[in-house]
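Here is a short report on helix packing and on a chain-to-chain interface. Look at the structure before reading on.

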Amino acid sequence: MKETLNLTLKVWRQKNANTPGKFETYEANNIDVHASFLEMLDVVNEGLALKGIDPISFDHDCREGICGACGAVVNGKPHGHLPKTTLCQLHMRHFKDNDVIVIEPFRSQGLPIVKDLMVDRSAFDRVIAAGGYVSVRTGSAQDANNLPVSKEDSDLAMDAAQCIGCAACVAACPNAAAMLFVSAKFSHLSLLPQGQVESKRRVKRMVYQMDKEGFGNCSNEYLCEAACPKGISVSNIARMNRAYFKSGV
Amino acid sequence: MPLDSKIPGGPISEKWTQHKFNLKLVNPANKRKHTVIVVGTGLAGASAAASLGELGYNVLAFCFQDSPRRAHSIAAQGGINAAKNYPNDGDSVYRLFYDTVKGGDFRAREANVYRLAEISNSIIDQCVAQGVPFAREYGGLLDNRSFGGAQVSRTFYARGQTGQQLLLGAYSALMKEVDHGSVKLFSRREMMELVLVDGVARGIIVRNLVTGKIESYAADAVVLATGGYGNVYFLSTNAMGCNVTATWRAHKKGAYFANPCYTQIHPTCIPVHGEYQSKLTLMSESLRNDGRVWVPSNKGDKRPPASIPEEERDYYLERKYPSFGNLVPRDLASRNAKIVCDEGRGVGSTGLAVYLDFADSIKRLGKEVIEARYGNLFEMYERISGSDPYKEPMMIYPAVHYTMGGLWVDYNLMSTIPGLHVLGEANFSDHGANRLGASALMQGLADGYFIIPYTIGDYLARTPLPKLDTQHPAFKEAEQAVTDRVNKLLNINGKRTVDDFHRELGFLMWDHCGMGRNEAGLKLALEKIPALREEFWKNVTVTGSVGELNQTLERAGRVADFLEFGELLVRDALHRSESCGGHFREESQTPEGEAQRNDDAFCYVGAWEYQEGGTPVLHKEHLTFDEVSLTQRSYK
């Protein structure tokens with residue numbers, strides 16, 4: 001197997017939220033197949049910096065697939081074509097020599113572009129602030145084992161709680177819905193006895209905030225689950241919808 | 001200034017209880033009149049901001065990430081310790097305290113560690129109440145496991161994502177307070193300077209990373225929870241954004257920096273594979289339960305592992321430490337990997353790796369059992385390396401992981417600057433010279449949920465804090481200093497990139513102040529770092545401008561601080577001519593080649609005071625051990 005690749009990148013460049021953007025073409029040469037996608041962008045950026053060109057801005061931090069900072073649409077797919085993989089964990093061995101790679105930001109009304117590949121996901125924080133928590137003060141908790149939780153429920157709650165808040169689900173959805181993100185948090189808490197006390201109020205407020213942020217609604221395309229790097233199930237959306245109807249809105 | 005640790009008197013088990021009673025309180029109606037700045041939203045920062053908000057303080061929380069949920073605590077895999085003794089296997093607060101003091105190689109304060117162990121149980125209660133989905137048994141109660149060689153099962157975990165779940169718990173508590181209006185959140189802000197008025201911490205200067213604007217915020221107290229400095233080594237398991245800037249800026253304003261040379265090197269990481277590499281990925285050390293570590297017996301043996309016959313393999317950990325074998329503590333496993341690679345017996349394309357081989361376990365237990373235990377880790381390894389660990393041995397090598405050193409704080413978590421409090425990995429306090437597995441999460445949350453809410457009240461109640469705002473000349477002066485510095489970086493227009501300097505610094509640090517250190521190497525580093533720093537300020541290129549989102553500029557500022565801080569780290573390592581914890585000084589070893597501590601000369605915390613344009617001054621806080629007697633660790 002060839003150990004390096006020569007690639008052509010078509011990258012969305014946009015100076016800031018108020019300036020229109022466009023695609024620019026860059027050559028990425030001698031890219032090691034063992035490099036990650038973001039390391040490939042690092043190499044391109046080093047080259048741009050030496051030529052005095054503003055490097056491509058992109059969000060990233062842990063580079064282990066857990067912080068949820070990174071993400072871009074690569075050849076039409078959020079986080080690229082590999083299933084259950086964040087962009088930082090996508091390695092160049094999954095590309096071929098002379099490939100043309102189109103890289104653009106997650107696009108949605110609820111996620112305005114900040115610069116180049118970076119988007120503003122603060123809407124997600126506002127949705128969580130609208131009830132994505134259990135109202136327990138520090139110091140007021142009972143002994144942890146006073147509240148048994150069945151292993152099945154606990155495991156289901158954990159499956160939902162794995163969401164990294166990257167927003168790939170929104171980017172994948174034709175309606176730019178944030179239902180997978182919102183329902184994952186709702187499910188995590190409503191599956192546990194700790195979260196049930198406030199469940200009705202929570203679902204009403206979180207859905208209200210979600211709509212207010214400009215996200216669309218679910219029409220059962222399931223593209224969100226396919227794009228989710230943590231494989232969060234769309235059954236969470238059904239769980240949230242049931243709770244929403246029962247909440248007496 | 002002499003260091004006063006303010007450790008309360010009385011028996012160790014009563015100190016914290018008594019101290020809490022002696023602390024002054026702030027009247028509930030007065031709390032909202034006090035503003036507290038919290039920088040950093042990891043476990044320590046988010047839990048502190050949330051808890052202070054609940055108490056009624058007016059809290060301003062800052063993070064450089066786009067959301068507080070992304071702080072690097074999120075990446076912790078293994079678990080969190082607590083002395084619940086649910087498994088009935090003999091654990092207790094005292095045993096957790098004892099193990100942690102001993103594990104820290106007798107370089108931590110007994111009183112702090114006892115308090116940490118005492119609080120550990122409340123942390124688990126709090127997190128479960130928030131909905132943290134810890135692993136459970138079929139009866140619905142919490143499951144525990146043994147971790148990092150502990151002889152009791154005291155570790156609580158949420159699959160391999162314990163840090164993520166604890167952080168999301170703290171983040172949800174934080175967002176609850178944002179919802180209630182007691183916490184105001186400032187994301188994408190990087191702290192650039194600490195502001196002192198009359199010698200007291202009264203605010204910060206930040207750069208708004210989206211607009212580039214320099215902003216000032218005033219408060220009655222400042223809390224730093226800004227994490228560790230592992231990225232001074234360039235390659236580490238830390239997130240790309242982790243940096244020393246906030247603590248270093250505070251240090252330059254008068255906060256002493258304690259034990260900077262205490263860094264933890266984790267033995268099981270995926271090895272370095274190329275120039276372009278940006279970070280190292282940790283593989284859980286639980287892999288050593290079933291994997292056997294080996295290298296070829298002969299130097300330069302480049303055959304593929306399967307072609308190396310059994311008698312030509314050296315299972316060096318099993319050979320040297322027959323009773324612990326592959327399960328020796330982190331520092332020993334790391335150091336021995338370096339020794340065999342230095343001997344020319346390392347494997348892989350770089351020769352800087354050792355095998356971690358599961359063939360015997362797969363033969364003995366079957367592939368299904370190994371898959372059930374480590375399936376997700378094997379998948380992660382294959383994703384990154386492209387090699388299948390079921391078929392060929394993994395390659396691993398040690399990497400910088402955690403930093404035990406940090407800003408010096410007293411028992412109240414206050415630094416040598418009045419009003420400046422430091423929590424979590426950013427302070428130096430509880431892990432001594434070596435942190436035990438599953439202790440970092442415990443300490444971050446102990447500081448944030450259960451210590452600072454008490455001690456900061458005492459400070460606010462006792463200290464006269466005249467009203468002031470950001471129009472005060474001290475803020476204007478600090479803003480100007482930040483602006484000048486940023487402009488200076490942008491106007492160098494040199495020929496080398498920021499990452500290029502960072503990489504060179506990192507390799508220097510790793511070569512001379514990494515797993516093994518000696519006087520000659522440290523002295524060499526002390527010459528090279530200032531030279532590199534000088535070149536940086538003449539020859540770095542930073543594109544773009546100040547008034548916009550500029551990631552190169554962000555990195556340049558952080559690397560500039562690492563170039564100053566690295567020198568202090570090396571200086572500290574040079575002065576401490578003993579081996580202890582994760583810090584192996586080659587001149588100080590036993591006849592068998594093991595680490596030799598020197599309690600007569602070095603049983604103290606080394607806290608450095610910054611001197612403008614001069615050599616930093618060392619202050620010593622002597623450590624006394626009344627409960628746990630000083631012994632040399634042995635794993636033979």
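Contact here means heavy atoms within 4.5 Å. The model is a predicted one.

Start with α1(B) and α5(B). In this pair, B:K15, B:W16 and B:T17 of α1(B) touch B:A111, B:R115, B:E118 and B:I119 of α5(B). By class, this contact holds three nonpolar, one polar and three charged residues. Helix α1 spans residues 15-22 of chain B, and helix α5 spans residues 110-130 of chain B. Their axes cross at roughly 90°, so α1(B) and α5(B) are roughly perpendicular to each other.

**Two partners of helix α16**

Helix α16 covers residues 551-575 of chain B. One partner is α7(B), residues 245-252. The angle between α7(B) and α16(B) is about 60°, which makes the pair oblique. Their crossing is left-handed. From α7(B) come B:T245, B:W248, B:R249, B:H251 and B:K252. They meet B:G557, B:R558, B:D561, B:E564, B:F565 and B:L568 in α16(B). This contact has three nonpolar, three polar and five charged residues.

Another partner is α14(B), residues 498-513. The axes of α14(B) and α16(B) cross at roughly 20°, so the two helices are roughly parallel. This crossing, too, is left-handed. Residues of α14(B) in the contact include B:F501, B:L505 and B:M509. On α16(B), the contact residues include B:V559, B:F562 and B:L569. By class, the α14(B) contact with α16(B) has 12 nonpolar, three polar and two charged residues.

The table sets out the axes of each pair.

| Helix pair | Angle | Axis distance |
|---|---|---|
| α1(B) and α5(B) | roughly 90° | within 9 Å |
| α7(B) and α16(B) | about 60° | 10 Å |
| α14(B) and α16(B) | roughly 20° | within 10 Å |

**Chain B against chain A**

Now turn to the interface. In chain B, 75 residues are in contact with 79 residues of chain A. The size of an interface is often given as the accessible area lost when the parts come together. Between them, chain B and chain A bury about 6,200 Å². Carbon and sulfur atoms account for 49% of that area. B:R70, B:Y276 and B:R383 supply 12% of the area that chain B buries against chain A, more than any other three residues.

How many salt bridges are there between chain B and chain A? The count is seven. A salt bridge also joins the side chains of B:K279 and A:E64, at 2.7 Å from N to O.

Note on methods:
Residues are numbered from 1 along each chain as its sequence is written. Chains are lettered from A and ligands numbered from 1 in the order in which they are written. This is a predicted model: local features need pLDDT of at least 70, side-chain atom pairs count only at pLDDT 80 or more; totals for chains, interfaces and linings use all residues. Side-chain values use heavy atoms; hydrogens and water are left out. Axes are lines fitted to C-alpha atoms, for helices over the stretch in contact, and angles run from 0 to 180 degrees between N-to-C directions. Helices (H or I, at least four residues) and strands (E, at least two) are DSSP runs, numbered from the N terminus. Angles under 35 degrees count as roughly parallel, over 145 as roughly antiparallel, 65 to 115 as roughly perpendicular and the rest as oblique. A crossing is left-handed if the near helix is turned anticlockwise from the far one by less than a right angle, and right-handed if clockwise. Ala, Val, Leu, Ile, Met, Phe, Trp, Tyr, Cys and Pro count as nonpolar, Asp, Glu, Lys and Arg as charged, and the others, Gly among them, as polar. Buried area is the accessible area (1.4 Å probe) that two parts lose on being put together, summed over both. A salt bridge is a side-chain nitrogen of Lys or Arg within 4 Å of a carboxyl oxygen of Asp or Glu.
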